[in-house]
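Visitor: Please show me the structure. I would like to ask about its contacts and its backbone.

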Amino acid sequence: MRNSLRCLIVCVLLLTGAGAQYQQAMPGYEYQFPRDHFSHPDYRTEWWYYTGNLKANDGRRFGFELTFFRQGVNRKPLQNVDWGVQDLYLAHFAVSDIGRQKFYYTERVNRAGPGIAGISRQQGRVWNGNWQAEWVNDGQQLQAIGKDFGLQLQLKSNKPPVIHGQNGVSQKGEGIGHASHYISFTRLITSGHIEIEGKSYEVKGTSWMDHEFSTESLAANEVGWDWLSIQLGDDTELMLYRLRRTDGSVDRYSSGTYIDGQGRGTHLSARDFSMLPLGETWRSTKSQARYPIAWRVNVPSIGLELQIHAAMQNQELAGKTRLSTSYWEGAIDVSGTRAHKPIAGDGYLEMTGYDKPLDFSGP
Amino acid sequence: MTRLLLFFRLMVRPLFREPIRTATTVLAVALGVAVVIAIELAGDAAAGSFRSSVETLAGDSEIEVTATGGVPDDLVGKLATLPYPIRVRPRIEGFAVVTQTGESVPVIGLDLIAEAGDRMSRDWKLPDFADGSERGADLSSGVWVGRRLASKAGDQIKLQINDDTREYKVRGVLPSSAGDNAVLMDIAEAQQELSRTGRVDRILIRVPDQPSLEIWQQRLRQVLPDGVQVRPQGSGTEENRRMMAAFRWNLRILSYVALVVGAFLIYNTISVSVVRRRPEIGILRALGASRREVLAAFLCESILFGVVGALLALPLGRAMAVGAVNLLGTTVNSLYVSSQPGSINLNWRIIGLALMVGIGVAVLSAISPAREAAQVSPVEAMARGRREYILRVEKWRDLWIAVGLGIAGVAAAKIPAIDGKPLFGYLSAILFIGASALAMPALVEALLAAGTRVLTALLGVEALLASRSLKGSLRRTAVLVGALSTAVAMMTSVGIMVGSFRQTVVVWMNSQLPADIYLRPVGNPAIDRHPTISPDLADQIEKLPGVEAVDRFRSYDINYQNMPATLASAETETARYYHSSGFLSGKPDREVVAALRGGDNAIVSEPFANKHHVKAGDTLTLSLGERKVSFHVLDVFYDYASERGFVILDRDTMLKYLPDPAPTNLAVYLKPRANLAAVRREIERVSANRAVLIFSNRDIRAEAVRIFDQTFAITYALEAIAIIVAVMGVAGALLALVIDRRRELGLLRFLGAATAQIRKMILVEAGVLGLLANLAGLLLGFVLSLVLIYVINKQSFGWTIQFHWPVAVLLAALTIVYVATVLAGLYPARIATRLIPIEVVHEE
Amino acid sequence: MEMKPESRSSATLTAGMPVVSFQAVSKDYLADGQKVRALDNLSLGIEEGEFVALVGRSGCGKSTLLNLAGAMDFPTSGRVLLDGTPTSSLNDSGLTCIRREKVGFIFQSFQLLPTLSAIENVELPLLLAGSPTGRTAAREMLGWVELAGCEDRMPHQLSGGQMQRVAIARALVHSPRVLLADEPTGNLDTTSGDMILNLLRRIATEHKTTTLMATHSLEAAAMADTIVRLRDGRVEEVLRR
């Protein structure tokens with residue numbers, strides 16, 4: 001489950017009662033690559049989500065997040081082919097300069113327009129303005145240019161894509177259709193450059209990519225979630241999400257996936273793991289939200305006991321307008337034991353719904 | 001301190017002793033300066049409005065990308081995906097007519113989705129896509145409007161765009177920072193409503209501070225096609241400003257005429273006061289005042305006139321500017337660029353200008369009499385009597401200088417323009433005015449000598465006395481005639497110029513408007529707005545019985561060599577209906593127009609040719625859409641419709657590069673013997689649901705003449721003010737004359753003159769002044785009109801105007817001036833009759 | 001010979017119609033807000049062809065008397081009869097008419113119009129009166145004052161005496177009943193002055209034109225038939241030759 005709440009809000013707001021015209025994510029979906037790396041206009045919401053931990057030659061550490069959203073708003077045929085709006089394209093881009101404890105963040109929203117944003121299988125490209133992910137041979141290239149920061153990265157996966165959930169769907173709530181189709185590259189070997197305030201750093205590291213599409217996923221009583229991606233030193237990865245309900249309890253549709261060294265995924269249901277805040281929090285001065293930035297994760301079935309700490313505190317993507325929400329998404333340090341042997345790694349943590357109650361009222 | 005006291009006693013006090021003359025002089029300065037600043041203020045307001053809502057809504061962009069006929073949509077994508085940290089904002093820019101008021105307002109299409117979250121859109125409360133208040137938002141058929149157009153969201157507003165009228169829902173009211181009359185809509189809808197298929201009008205780009213703007217422009221140019229222009233944002237505004245500069249310059253010069261007339265009057269006032277105060281000056285000199293002090297005292301007096309006049313001119317000028325802005329707005333709209341007049345701002349620059357001009361003109365016109373005052377020798381203190389009123393007139397020397405100036409004027413008229421400005425043309429005009437002023441004493445004397453007998457025979461002894469008195473104070477008379485004749489000359493010359501122009505246009509229209517019926521979209525015409533007519537309407541009309549052919553005329557705003565111009569296309573097949581000879585080469589139209597069809601050929605209008613130094617046989621490279629295309633210039637045609645200049649292509653050639661088939665005007669030719677009224681009714685029927693205006697040939701000519709007259713309204717207003725100043729001067733001067741000659745007038749009563757005879761004498765003097773001024777003014781006006789038509793107009797606008805005497809207009813104008821001058825004598829005459837003879841004769 | 005003004009006045013009345021007659025005339029002026037009495041209950045009659053010299057100090061009322069006699073002003077009280085017509089009964093145009101027909105003026109400072117030639121100055125009263133025969137009469141008149149040949153000279157080309165002769169010609173050109181001369185020799189040297197006085201004497205004698213001359217000069221007064229001495233607005237004495 002990767003979802004920016006912000007995107008969802010927009011989605012909800014712009015719905016014109018056309019939800020029925022979109023397909024639901026249903027079990028038994030047959031994945032086909034490379035087709036399923038690209039757009040699924042029959043589903044309302046879709047995103048391509050890149051996060052990663054990188055190190056410069058001098059040891060300076062960076063985290064990055066580059067996300068492309070597509071949000072369907074209209075399925076009627078367009079009168080104006082170039083400028084008519086069927087989908088909104090949103091994108092978020094953040095870099096965590098962990099060495100200097102500085103967080104850079106920007107976002108944009110566009111319509112497809114005449115080539116301003118979009119997803120093209122022919123070109124092997126997902127883009128929003130001059131931010132883009134492009135498939136080149138069997139790898140991907142990321143490019144994002146912000147006002148005072150940017151990146152160019154080459155990503156290459158040694159593992160096949162993982163399909164999360166069961167029977168091709170990742171269930172998010174009670175009821176049929178409250179689910180998504182969810183694909184990840186969990187270990188992308190990454191190299192390239194990061195630019196910060198006019199200086200360029202050559203970087204290497206590991207990235208994670210999610211691609212998810214759905215029409216209706218969350219249920220009405222869910223207020224937010226906590227999501228984790230962990231890349232461990234033993235070439236295994238773990239993805240977990242925890243859905244929080246209005247009453248404070250954890251939803252039973254929380255789940256995860258464990259990926260072994262060969263890239264095989266094992267579905268973890270809510271019963272298979274625990275994911276609890278350690279009590280350490282950080283309070284955002286911008287949104288006033290208080291985020292738990294240290295966690296304990298236990299996955300008994302594979303003997304994992306992990307502690308998770310934010311690599312730096314302020315990695316909040318603060319909403320810029322009155323009603324848009326803020327969320328925390330940032331690089332983390334992971335340490336702990338596997339079968340009582342020490343193990344370490346890093347990853348990304350996403351926490352939403354901490355700043356204010358969310359509006360889930362549908363169209 | 002003693003100096004100040006001296007100044008007060010010598011200079012200021014006498015002014016209060018002659019309140020009427022002082023008042024008229026100050027008022028003349030005030031009027032002259034007021035006209036100058038009114039034109040300046042009005043010009044500022046008119047020019048300021050180019051930065052209308054369109055630019056206000058442009059936000060903080062640095063570079064603009066434009067192309068003739070619009071920038072292709074895909075270039076927006078191309079720019080948006082460039083690997084530079086730049087912000088790309090496509091825009092549709094057009095205008096709509098508010099059905100209710102008929103006002104033309106800017107329509108701006110923005111990418112409201114991409115603008116969401118931007119500071120500008122937040123400030124203006126545009127929909128934010130993260131804002132819950134826009135729940136269920138649908139971007140189509142909603143507009144955001146300036147507060148003058150709607151009071152609240154939810155209102156409906158009826159707008160006519162091109163030839164289509166529709167109701168729009170007001171989604172929000174823009175704050176005043178966005179201009180009060182703009183209409184904003186989403187780019188998708190704007191593109192459709194304004195029929196900009198596949199193109200946007202402008203792409204604004206915000207670039208980082210580093211590297212330089214030039215480098216950014218270069219980088220963008222590298223990735224864009226040739227025909228697309230990359231310029232600093234607001235270049236269009238700059239170009240309009242530059243184009244307007246010549247016009248404003250001409251207007252400014254015209255406004256200084258009133259000032260020149262005022263200068264004559266100051267000269268007169270100070271001359272008279274020098275003469276009258278010769279004994280006092282002599283006494284002062286005898287008491288030890290130096291020449292320089294006397295000179296300074298008189299200059300101070302003139303500065304006083306200047307300052308008081310300038311201060312009075314400020315409120316007066318501001319009031320005049322209100323009127324001028326309206327007149328100017330019409331001119332600017334029909335000749336240059338559509339604009340909304342901005343506000344009139346009386347700022348420090350204007351105040352400074354007023355003071356500078358007021359003091360400047362006062363001091364300049366006082367220098368010569370003040371120097372004369374300084375020449376007064378102490379001995380003259382005692383020498384009273386007959387010498388008192390005799391002014392030194394060196395009419396022969398002045399006449400020779402006048403001849404010299406006239407020759408210089410002729411020479412200056414032959415020098416070409418500098419930087420598009422007819423500097424030497426103006427110099428020539430000034431030299432002629434100077435020559436006329438210097439020749440005036442000799443001329444007046446000669447005319448009076450020749451005319452006295454005739455006048456006496458016609459009007460009796462009063463005429464003899466009047467003309468003798470005028471001749472007796474020759475210098476004063478010459479100055480008055482000079483002032484009034486300069487105003488008359490200006491009126492005459494501009495009258496002849498405008499009249500010739502008008503006649504030329506009328507003749508030209510007869511050959512250029514051969515069609516029987518014309519159509520254009522509803523709305524005030526402006527040279528840079530090209531609303532279109534649906535192409536299917538043209539097709540429908542063409543099929544009507546009785547219609548022989550339809551010429552689809554299409555025009556675009558273009559930019560050539562950083563100056564705006566109009567690019568248009570016509571259907572050359574209809575050339576067979578043309579029967580005019582409108583080309584400079586003298587070739588028959590049919591031949592030239594037929595050749596136009598043959599490929600990338602163009603014809604250009606005379607103002608265009610002059611402005612850009614293009615002639616037949618040259619190659620003209622134009623940016624069309626994204627391409628740069630070279631055209632062969634076949635010929636230059638006479639055109640009086642626009643100062644900006646036209647380039648005309650064949651319609652097929654135009655469509656090859658700019659494929660939008662919608663015409664901006666239609667010319668309908670009827671079959672022989674078809675019934676005009678019936679066909680017109682048919683056209684009205686098929687265009688019933690379209691907002692188009694239908695003109696018969698006669699209508700459109702009348703309309704053209706009406707626009708022409710509106711265009712020149714401002715010049716008439718300026719002339720009127722110059723005349724008023726001059727007539728006021730005549731009144732003031734006659735009054736001075738009466739007061740100076742009161743002893744003589746009293747004596748006449750002793751000798752048996754009735755009061756009616758005294759009145760008649762003064763009125764005859766006014767009449768003779770008016771007559772002389774009209775004669776001299778007509779003469780000078782004729783010379784100046786030649787300079788205006790063949791030098792100044794030609795150099796700054798490039799029109800070939802056929803000389804024509806607008807006899808009726810001139811006669812009417814001269815009669816008005818004459819009558820006004822005589823009427824100006826009424827008050828002085830009244831004063832003259834009220835003098836008590838025994839008092840004035842014996843006072844000494 | 002000495003007489004009380006009253007009796008003198010009545011004596012004149014009995015002798016026939018005087019050309020100019022003052023009957024109990026008073027004239028007040030306002031000067032700086034103060035009422036000044038210029039003539040005080042003065043009575044005087046002047047007969048046809050009589051050459052009268054008015055003498056007295058400055059401000060004794062000489063000029064006022066001349067102005068009243070010339071129908072240039074009205075008395076505050078009393079009557080002024082000009083050739084039998086009381087001036088007070090006339091309006092402005094009536095005064096103008098009476099002046100045109102019956103009065104000629106000569107001034108101390110000549111008062112020629114500087115823009116008109118000698119002959120034009122002379123014919124001016126006729127022209128103003130609308131008479132068509134101005135030029136001939138003017139030429140004759142100039143001849144009579146011995147200025148034939150100076151017709152086209154401008155005033156500034158003439159000497160003082162010449163100017164005053166032109167002025168005399170101008171004053172006589174319309175054959176007035178009364179000639180009023182205010183210090184006619186005041187601005188002239190003795191020679192020119194004598195010439196002017198001789199002219200005035202001849203006017204009275206040859207033309208029978210009643211002449212009223214205000215003067216300071218005893219020499220001038222000596223030429224007159226009658227000398228009227230004024231003092232403070234009253235007739236102090238009348239000396240008849």
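Visitor: Which residue forms a salt bridge with Arg468(B), and how far apart are the closest N and O atoms?
Guide: This is a predicted model, in which local features need pLDDT of at least 70, side-chain atom pairs count only at pLDDT 80 or more, and totals for chains, interfaces and linings use all residues. Residues are numbered from 1 along each chain as its sequence is written, chains are lettered from A and ligands numbered from 1 in the order in which they are written, and side-chain values use heavy atoms, with hydrogens and water left out. A salt bridge here is a side-chain nitrogen of Lys or Arg within 4 Å of a carboxyl oxygen of Asp or Glu. The partner of Arg468(B) is Glu120(C), with the closest N and O atoms 2.3 Å apart.

Visitor: How many salt bridges cross the interface of chain B and chain C, and how many residue pairs are in polar contact there?
Guide: The rule finds 2 salt bridges across this interface. A polar contact is a pair of N or O atoms within 3.5 Å; within protein, one must be able to donate a hydrogen and the other to accept it, and residues adjacent in sequence count only if both atoms are side-chain atoms. With both residues at pLDDT 80 or more, the number of pairs in polar contact is 8.

Visitor: What area is buried between chain B and chain C, and which residues of chain B lose the most?
Guide: Buried area is the accessible area (1.4 Å probe) that two parts lose on being put together, summed over both. For chain B and chain C this is about 2,300 Å², and carbon and sulfur atoms give 64% of it. In chain B, 26% of what that side buries comes from the three residues that lose the most area to chain C: Arg468(B), Phe750(B) and Leu751(B).

Visitor: Which residues have the most contacts inside the largest nonpolar core?
Guide: A nonpolar core is a set of buried Ala, Val, Leu, Ile, Met, Phe, Trp, Tyr and Cys residues joined through side-chain atoms within 4.5 Å; buried means under 20% relative accessible area, exposed over 50%, and partly exposed in between (1.4 Å probe, protein chains only). The largest core has 181 residues. Its largest share, 20 residues, comes from helix α16 (residues 474–512) of chain B, where helices (H or I, at least four residues) and strands (E, at least two) are DSSP runs, numbered from the N terminus. The residues with the most contacts inside the core are Leu465(B), Leu748(B), Phe22(C), Leu124(C) and Leu212(C).

Visitor: Which residues does Leu465(B) contact beyond its neighbours within four places in sequence?
Guide: Contact means heavy atoms within 4.5 Å. In chain B, Leu465(B) is in contact with Leu748(B) and Met761(B). In chain C, its partners are Leu113(C), Leu116(C), Leu124(C) and Leu128(C).

Visitor: Is Thr800(B) buried or exposed, and which side chain does it meet in a polar contact of 2.7 Å?
Guide: Thr800(B) is found in the loop between α25 and α26 (807–824) of chain B. Its relative accessibility is 19%, so Thr800(B) counts as buried. The side chain that it meets at 2.7 Å is that of Lys794(B).

Visitor: How many residues apart in sequence are the parts tied together by Lys159(A) and Glu237(A)?
Guide: The two side chains meet in a salt bridge (2.8 Å, N to O). Lys159(A) is buried at a relative accessible area of 7%, and Glu237(A) is buried at 0%. Lys159(A) lies in the loop between β9 (149–157) and β10 (162–163) of chain A and Glu237(A) in strand β15 (residues 237–245), so the separation in sequence is 78 residues.

Visitor: Where is the peptide bond from Phe33(A) to Pro34(A), and is it cis or trans?
Guide: Pro34(A) is found in the loop between α1 (5–14) and β1 (45–56) of chain A. Most residues other than glycine have a negative phi, and most peptide bonds are trans. With omega near 10°, the bond from Phe33(A) to Pro34(A) is cis.

Visitor: What is the phi of Ala339(A)?
Guide: Ala339(A) sits in the loop between β24 (327–338) and β25 (341–351) of chain A. Ala339(A) is partly exposed, with a relative accessible area of 47%. Its phi is positive, in a residue other than glycine, and is near 50°.
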